[in-house]
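Okay, thanks for coming, everyone. Have a look at the screen while I talk you through a few spots in this protein.

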Amino acid sequence: MLFDVAIIGAGPAGMQAACDLRARDLSVIVLDEQPAPGGQIWRGVERNCQPGSQLAQGLGAEYRQGADVTRAFRASGVDYRPLSRVWQIEENGEEADEQGWQVFVTREGQAEVVEARRVLLAIGAQERPAPFPGWTHPGVMTVGAAQILLKSGGLLPEGPVWICGAGPLPLLYAHQLRKLGGQVAGFLDTAPRDTLRRGLPHLNGALRDWKSLAKGFGWQAGMRLSGLRRETGVTQLRAEGGTHLERIRWQTPEGEKAAPAGVLLIHEGLVPSVHPTLSLQCEHSWSDAQQSLRPVLDAWGETTRRGLFVAGDAAGIDGAKAALAKGALAALGIARSLDVLSDATSQQARMAGDRALSKARAARPLLDSLYPAPERKISDDTIVCRCEELTAGQIRAAARRGAADPNRVKAETRAGMGPCQGRQCGYTIARLIAEAHDMPRSEVGFHNIRPPLKPVSLGELASLGKAKA
């Protein structure tokens, strides 16, 4: 069957786009790697928002709002396929103008090909890799991973629990833990101490979304009122122990400090998931504000590859409300490209969508200035590529031996060749290359992404045959 649209990802952007496209009688298939819709922000929302759920109350009102979007998504008539792992996307051969795209996917051990006239990538974001000495110890994980455990199974970490990093997510998670009865030993804030100076130029614009600002200030005030230990200006974090995490050390302007720790949760911001668009050789631009790549998109969310659209945080980190607006705009663009909407009608609808998106991302310049990507030096003995167990020193040495080319370093060291394909080391390696050659990070680029996008077994390849969805 040839679908009008294949959407990859069922987070806020994917669900909103699916609902809008189905309202225009387009055939839509949604391929989602998760067992239920919601994405990371609304993970488990259907199960957790049952009447009387204490977990949903602890996760907050914004989380509970996801239940309404999910219900509309379920009722839209979309062909939803959870637990589907997309491992390759290709133009559909010589008939690309008519047939569009092929999406290769594995579900329940069976590989198949989904054909669609248009593809929308709504694959969200990932946490920025932030290697430091000892980050591979059992007991060290990201705040996002801890949230997965919380939303998927109601699991709270047992201590001593430390949270380290910067940005809204660590503050939100600390707030959620306290509401649900969890214990936090301390919060290590890695944001620069001059955040007020950095943020002032963007404050007026951010006030358009004053409710979000008030919520963030409330999380910080709650932290202070609870008596939670908070260290600011934190640098040079180290995790120490034998078979598991036992203690942490860090530096502040007042000197070195240490504390026992059983769990350390790290977060240094988010970056868009760009592996599929890099693999398809779409044009990308460098965001100085977010220190990351993002696909170049037109006003409708279409990439430089005809018929391939991107929405949500995969198009740039802006949050859940903006993801909904981006999903709606991408749906307009797709419907327009399929001649379901006239140009005049779609342009008028887009004006309202642009206003909604502008308001939803009003606070983003302020947040980007308050919580910049970390630039602290990475010691030579720190592992940066976990798949191949390569240290920063090995990457620096390889970078100095040749051109400022991530592909050359990849070929020499195997950095980025493991199962994650550089998702956990790519930005760090590019940063080390830029450092070795004394050049701007924006000029280094990223290593080539080769298929498959996700690991696929020989058995799954053998099952592909000529099967089509």
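Before we start, one term: when I say contact, I mean heavy atoms within 4.5 Å. Two housekeeping points as well. This is a predicted model, where local features need pLDDT of at least 70, side-chain atom pairs count only at pLDDT 80 or more, and totals for chains, interfaces and linings use all residues. Residues are numbered from 1 along each chain as its sequence is written, and side-chain values use heavy atoms, with hydrogens and water left out.

Helices (H or I, at least four residues) and strands (E, at least two) are DSSP runs, numbered from the N terminus.

Let's begin with a helix pair. Which residues of H6 meet H7? On the H6 side we have Val-143, Gly-144, Ala-146, Gln-147 and Leu-150, and they meet Leu-169, Pro-170, Leu-172, Tyr-173 and Gln-176 in H7. By class, that contact has seven nonpolar, three polar and no charged residues. Here Ala, Val, Leu, Ile, Met, Phe, Trp, Tyr, Cys and Pro count as nonpolar, Asp, Glu, Lys and Arg as charged, and the others, Gly among them, as polar. H6 covers residues 143–153 and H7 covers 168–179; they pack at an angle of about 35°, with axes 10 Å apart. For that, axes are lines fitted to C-alpha atoms, for helices over the stretch in contact, and angles run from 0 to 180 degrees between N-to-C directions.

Next, strand S9, residues 161–165. Is it buried or exposed? Five of its five residues are buried, and buried means under 20% relative accessible area, exposed over 50%, partly exposed in between (1.4 Å probe, protein chains only). Remember that in a regular strand the side chains alternate between the two faces of the sheet. In S9, Val-161, Ile-163 and Gly-165 are on one side and Trp-162 and Cys-164 on the other, and both faces are covered.

Who are the partners of S9? Two strands pair if DSSP finds at least two bridges between them. S9 runs parallel to S15 (residues 263–267), joined by five bridges, and Trp-162 has Leu-264 as its bridge partner there. S9 also pairs in the parallel sense with S10 (residues 186–189), over four bridges, where Ile-163 stands opposite Phe-187.

For contrast, here's an antiparallel sheet. It is open and has three strands, in the order S12-S13-S14. S12 (235–241) and S14 (255–260) each have a single partner strand, so one side of each is left without a neighbour in the sheet. S13 (residues 245–252) pairs with S14 over six bridges, and Gln-251 stands opposite Glu-256.

Now a loop. Gln-290 is found between strands S17 (284–287) and S18 (292–295). Why does Gln-290 count as buried? Because its relative accessibility is 5%. Leaving aside neighbours within four places in sequence, Gln-290 is in contact with Arg-128, Gly-316, Ile-317, Arg-364 and Asp-368.

Last stop: cysteines. How many disulfides are there? A disulfide is a pair of cysteine sulfur atoms within 2.5 Å, and by that rule the count is zero. Take Cys-387: the closest cysteine sulfur, in Cys-420, is 3.9 Å from its own, so that is too far for a bond. Cys-387 is partly exposed, at 35% relative accessible area, while Cys-282 counts as buried at 7% relative accessibility.

That's my tour, thanks!
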